[in-house]
Amino acid sequence: MLDTTVLRASRPNFLLLAPLCVALGIVLTWRQMAALDGVNLVLVLVGALLAHAAVNLLNEYQDFRSGLDLATTRTPFSGGSGALPDRPEAAPKVLVAALMTMATMSAIGLYFLWLRGLPMLLLGVGGLVLIISYTQWITRSPWLCLLAPGLGFGPVMIWGTQVALGGQPDASSILVAVMVMLWGSELLLINQLPDVAADRQAGRRHLSIVLGLKVAAAVVAVLSLGSYLLLGAAMIVGVLPAASGLAMFTLPAALWVAWRLPHALDDNSKLSPVLGVNVATLLTTLVLLGVGLWQG
């Protein structure tokens, strides 16, 4: 039976992002090949969920061990799950769960490596490096910390899905992966804003700490709105179908987040609703983009 603390530490409420990114890779591959193997589809989805859970579990364990979790003021979208501060004795179980999750994910990766060869190795190793190094090392480098989540959810997941299913990255998947990369990095950056004081004490050096909250809020706007500009340009030149413009329906919400964020930086009670709208906007955008690619 799965320990409830381990389940909380995996942050199940946030695990929807991985299958949505994989779904984009599946649709992009379907546009190339039409016929897809059902078993491989399931394995790709399971592997992506395990990868996301592994990052969360390892992050929860390491933040608890460093003392960061005890200094953080949690919000529904930042500061960790609070599972280990509530039950410190469960820390070894969370670590074991992280290692088992990575081992199972790696086994799935080895299957696809046997099936697809070197391209799968490059993407798989890249994803594993991001998982292992994120909390301990990547969070000490502002630009690496900004790019890492976007790389994981964008190129690694989307191109990894394509290669695993027998497709290959093309112009459309490169553009979609870059858009998801920008959205993924934007999501992490905005969710780091409430944690700046605690993260600074723990030795982290992400962009919000190095450049300040106001500059970080501006970067959030650039990343988010830049993705919509890229989507519009891709449709204009014909790389993506016109139906992918469904994702533009969330642009007003993204504009609201960009406008409201600078005015909410000093008050978590005002910031939390902005974070909530941002998460809902991102997830809805990914769904609409996938539907548009499928319909187009």
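Helix H9 is mostly covered, with 17 of its 22 residues buried. The model described here is a predicted one, and in it the protein has 14 helices and 0 strands.

- From its first C-alpha to its last, H9 reaches 32 Å, which is close to the 32 Å expected for its 22 residues at 1.5 Å a residue.
- Two packed helices are described by the angle between their axes and by the distance between those axes.
- For helix H8, covering residues 142–164, and helix H9, covering residues 171–192, the angle is about 145° and the axes lie 7 Å apart.
- The crossing that H8 and H9 make is right-handed.
- On the H8 side, the contact is made by Cys 145, Leu 146, Leu 147, Pro 149, Gly 150, Leu 151, Phe 153, Gly 154, Pro 155, Ile 158, Trp 159 and Gln 162.
- On the H9 side, the residues taking part are Ser 173, Ile 174, Val 176, Ala 177, Val 180, Met 181, Gly 184, Ser 185, Leu 188, Leu 189 and Gln 192.

**Val 156 in helix H8**

- Val 156 is found in helix H8, and it counts as partly exposed because its relative accessibility is 23%, whereas a buried residue would have to be under 20%.
- When its neighbours within four places in sequence are left aside, Val 156 is in contact with Leu 123, Gly 127, Leu 130, Leu 151 and Thr 161.
- Between Val 156 and Ala 177, which are 21 residues apart in sequence, the distance in space is 8.5 Å from C-alpha to C-alpha.

**The protein as a whole**

- Read along the sequence, the pattern of the protein is α-α-α-α-α-α-α-α-α-α-α-α-α-α.
- The radius of gyration is 19 Å, close to the 19 Å that the globule rule gives for 296 residues, so the protein is as compact as a globular protein of that length.
- Taken along the principal axes, the box filled by the C-alpha atoms is roughly 50 × 45 × 30 Å.
- Of the 296 residues of the protein, 51% count as buried.
- Among the contacts with a separation of 6 or more, 76% are accounted for by residues 24 or more positions apart.

Terms used: Residues numbered from 1 in each chain as written. Predicted model: local features only at pLDDT ≥ 70, side-chain atom pairs only at ≥ 80, totals over all residues. Heavy atoms only, no water. Axes fitted to C-alpha atoms, helices over the stretch in contact; angles between N-to-C directions. Helix = DSSP H or I, 4+ residues; strand = E, 2+ residues; numbered from the N terminus. Left-handed = near helix turned anticlockwise from the far one by under 90°. Contact = heavy atoms within 4.5 Å. Expected span 1.5 Å × (residues − 1). Buried < 20%, exposed > 50% of the residue type's maximum accessible area, 1.4 Å probe, protein only. Rg over C-alpha atoms; globule rule 2.2 N^0.38 Å.
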